[in-house]
Number of protein chains: 2
Amino acid sequence: MTAVKHTVDPLLGEMSRLGADARAAAAVLAQAPTERKNQALLAAAAAIRDQSATILEANARDIANAEARGTAASLMDRLKLNLARIEGIAKGLEDVAALPDPIGATIAEWDRPNGLRIARVRVPLGVIGIVYESRPNVTADAGGLCLKSGNACILRGGSDSFESSSAITACMRDGLAAAGLPEAAIQLVPTTDRAAVGIMLTMTDDIDVIIPRGGKSLIQRVAAESRIPVIKHLDGICHVHIDAAADPRKARDIVLNAKMRRTSVCGAAETLLVDRAIAEAILPAVIGDLIEAGCEVRGDEATRRFDARVKPATAADWDTEYLDAIISVRVVDGLDAAIDHINRHGSHHTDSVVTEDAATAEAFLNKVDSAIVLWNASTQFADGGEFGMGAEIGISTGKLHARGPVGAEQLTSYKYQVRGTGQTRP
Amino acid sequence: MTAVKHTVDPLLGEMSRLGADARAAAAVLAQAPTERKNQALLAAAAAIRDQSATILEANARDIANAEARGTAASLMDRLKLNLARIEGIAKGLEDVAALPDPIGATIAEWDRPNGLRIARVRVPLGVIGIVYESRPNVTADAGGLCLKSGNACILRGGSDSFESSSAITACMRDGLAAAGLPEAAIQLVPTTDRAAVGIMLTMTDDIDVIIPRGGKSLIQRVAAESRIPVIKHLDGICHVHIDAAADPRKARDIVLNAKMRRTSVCGAAETLLVDRAIAEAILPAVIGDLIEAGCEVRGDEATRRFDARVKPATAADWDTEYLDAIISVRVVDGLDAAIDHINRHGSHHTDSVVTEDAATAEAFLNKVDSAIVLWNASTQFADGGEFGMGAEIGISTGKLHARGPVGAEQLTSYKYQVRGTGQTRP
């Protein structure tokens, strides 16, 4: 007889170890008292400040590698750390420590006629897998939010930021150790091998949810491949609708802010809808504001009549997330046409109506099928911090589990605790 | 030039039409007032009573087909309808009508320093796909719960029950029509072609969540194939743990009820754990109760010493959901060993501790990682009705979105409605 040769994929073994360690750490973290978790967050913030020189050295290696590969300048900016950014990362962890602990809260409680007392109590999800790209700060932001909510996490950063993310992870683990919590509660996949992501997405026993952070192609790949539930944000095709009963001053301010405050955020407006009844009165000024601010305006035929500088919009424009200083403008016939356009072409992210008519506003707030709907406010408020939820890990455009900003509370589940006195079921 | 020949899969076209119709109906249902939805439920119940002869004829055809195929007797019982069961289906719809409407409720509301008022409001999920097996009553139960929660549904029943499910669906649609709601809110896949399930599981644009109802192999297939998020219940490996400080009377009553009240339900206990300190005092009586009630007892070595009728348990027993009059029994050393066994071998469904020690009970309720944890009560209470939630569509053992009984409220999402006075983001 010849000996059987076992070929074990070393990467598979490594990922499997990571998963088992995360699962064990999650059990400890789920029971960790609030003070202990906060202690770990504050110690991690201190470690990040103490080790800023080490982090900057690691970042310099990432930058050098990226330059050698000819990485685009926009990606380089996302990758680059400096003392101010490191201070921001440390401060972010302290902010998360200051948030209320969602775990252990009784969400609802009631008694049954047979004397059973039923309580729905908030618990962590377990192990969260985060797949992200070149921003090394996600390592601390996501790790901190998972820790606060009693979850272990497995972080898979971009290969661009591997050295920086490793240095930041080491600080996070120092924080855990200082608080007597298991370091395996925060683990970075210790390889830049792309196959590791594929393995991660099949680890249904050891990872409870996957959260991708990054560009659309990353998120699409994760959503297509994952065997684990995914909380994701795909597109931010956000709209402002100027109703016939809009206050012109509010309309101009809101449109300009929604589009131009920051064009690269998911809550930036991409399409402006205007009721035909007010178009002539408001559109020339709105278009002027936008063009003056450096925005390219693409409009339908009705819009183009108001300003020769407006370029023609094509059908594709209504479905495009520019993330840039470009806006598409369409004149619509009434509220229902606006709602229909938004539900058809939008991405169910964030949409705003400008009107002084309360009934119109309420109809918009109820019928537009988006995570965030606003009345007389800029779409750029689509942000967990602006909502008062503290830090967020992203904005979910899905309807299952979490919708809108995903903060510490959205990284939880619940269980039913039932207290009896010997009840049996008839 | 030759003409291009388009080959369109007719089933794909049919399913695509179903999806588009469901999506359109969902938009109407999401805005339907409570009274209208209840009117549809009551009219559907009336139609089911009125058309009971038609339903029974359809059921007779299903039974004849099943007999011709040589279907097992246990499946035949699930399939068979009679007047009492039809009355139960109609009554179930009336019970759902009497439940509170979860839609439109403000879950939370707060003001921001900038004057924005933020409300988190409950909304339907959209379109729910239900894949089930031979019980035709699921057609009405699931359809009714989806309607109550403002969701459209696409039902895919087992081919065994196709005729019965079609007849019940017709009654549900009569109810919708009577209330002026779109009939496409409840659609049955109009074919027994197995390929239809495969197509359904890829309809990510038109179906928001899939809920499989049936045996483990169905649920595993759906979970493995689905590109749509799945709310599922896989196993019910439930435990009772008799702590050292248990009241013997409560322990005997609870174990007997948890195992033997109904052995085929997911909340039936499959494994009994007993603290070594109380084993000698309690196990002989508990084993006697079970064997007298017709239960096969399989035990570890320590257990077998108390009764010669106990068969040896193998390692596989700790991971087995018998759904039958069989129980595995293990003597453990203390609470932590019991919790460890449950978290390792259980299915995170429902587990109970019997103890008079409050601290022990609280530790069990906190550390056992299951959807439902009970203190001094039978695991057979794992049921939406027993929880006071009204009808349920199943019990979720997953942690994302819904955990435990899935009732009307669990078939909802939420949106943020933000009311401002012209705010822009600095």
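A salt bridge is a side-chain nitrogen of Lys or Arg within 4 Å of a carboxyl oxygen of Asp or Glu. In this predicted model, B:Arg120 and A:Glu409 form such a pair, their closest N and O atoms lying 3.6 Å apart. Six salt bridges are found across the interface of chain A and chain B. The same interface holds 53 residue pairs in polar contact, both residues being at pLDDT 80 or more.

On the side of chain A that touches chain B, two or more residues each are given by strand E2 (117-124), helix H9 (216-225), H10, helix H14 (358-367), strand E13 (372-377), strand E15 (404-405) and strand E16 (412-423) of chain A. The largest share of this side, eleven residues, comes from E16(A). In total, 69 residues of chain A are in contact with 69 residues of chain B. About 5,700 Å² is buried between the two chains, 48% of it on carbon and sulfur atoms. Within chain A, the residues that lose the most area to chain B are A:Leu400, A:Tyr416 and A:Arg425, which together account for 14% of what that side buries.

The arrangement of the two chains was examined next. Chain A is superposed on chain B by a rotation of 180° with 0.0 Å of shift along its axis, at an RMSD of 0.0 Å. This is the relation of a two-fold axis. A:His401 comes closest to the rotation axis among the residues of chain A, its C-alpha being at 1.9 Å. Of the interface residues of chain A, 100% are also interface residues in chain B, so the copies meet through the same surface.

Helix H10 of chain A comprises 13 residues (residues 248-260), which at 1.5 Å a residue should span 18 Å; the end C-alpha atoms are 18 Å apart, in agreement. The N-terminal end of H10(A) is capped by A:Asp247, a side-chain oxygen of which lies 2.8 Å from the backbone nitrogen of A:Arg249. Buried residues of H10(A) are A:Lys250, A:Ala251, A:Ile254, A:Val255, A:Asn257, A:Ala258 and A:Lys259. An α-helix has 3.6 residues a turn, so residues three or four places apart point the same way.

Two loop residues of chain B were considered for their backbone angles. Most residues other than glycine have a negative phi. B:Leu323, although not a glycine, has a positive phi of about 50°. This residue is in the loop between strand E10 (311-312) and strand E11 (326-332) of chain B, and its relative accessibility of 36% makes B:Leu323 partly exposed. The phi of B:His348 is also positive, near 60°. B:His348 is placed in the loop between helix H13 (334-345) and strand E12 (350-354) of chain B; with a relative accessible area of 27%, B:His348 is partly exposed.

Terms used. Residues are numbered from 1 along each chain as its sequence is written. Chains are lettered from A and ligands numbered from 1 in the order in which they are written. This is a predicted model: local features need pLDDT of at least 70, side-chain atom pairs count only at pLDDT 80 or more; totals for chains, interfaces and linings use all residues. Side-chain values use heavy atoms; hydrogens and water are left out. Copies are superposed by least squares on the C-alpha atoms of residues with pLDDT of at least 70 in both. Contact means heavy atoms within 4.5 Å. Helices (H or I, at least four residues) and strands (E, at least two) are DSSP runs, numbered from the N terminus. The expected span of a helix is 1.5 Å times one less than its number of residues. Buried means under 20% relative accessible area, exposed over 50%, partly exposed in between (1.4 Å probe, protein chains only). A polar contact is a pair of N or O atoms within 3.5 Å; within protein, one must be able to donate a hydrogen and the other to accept it, and residues adjacent in sequence count only if both atoms are side-chain atoms. Buried area is the accessible area (1.4 Å probe) that two parts lose on being put together, summed over both.
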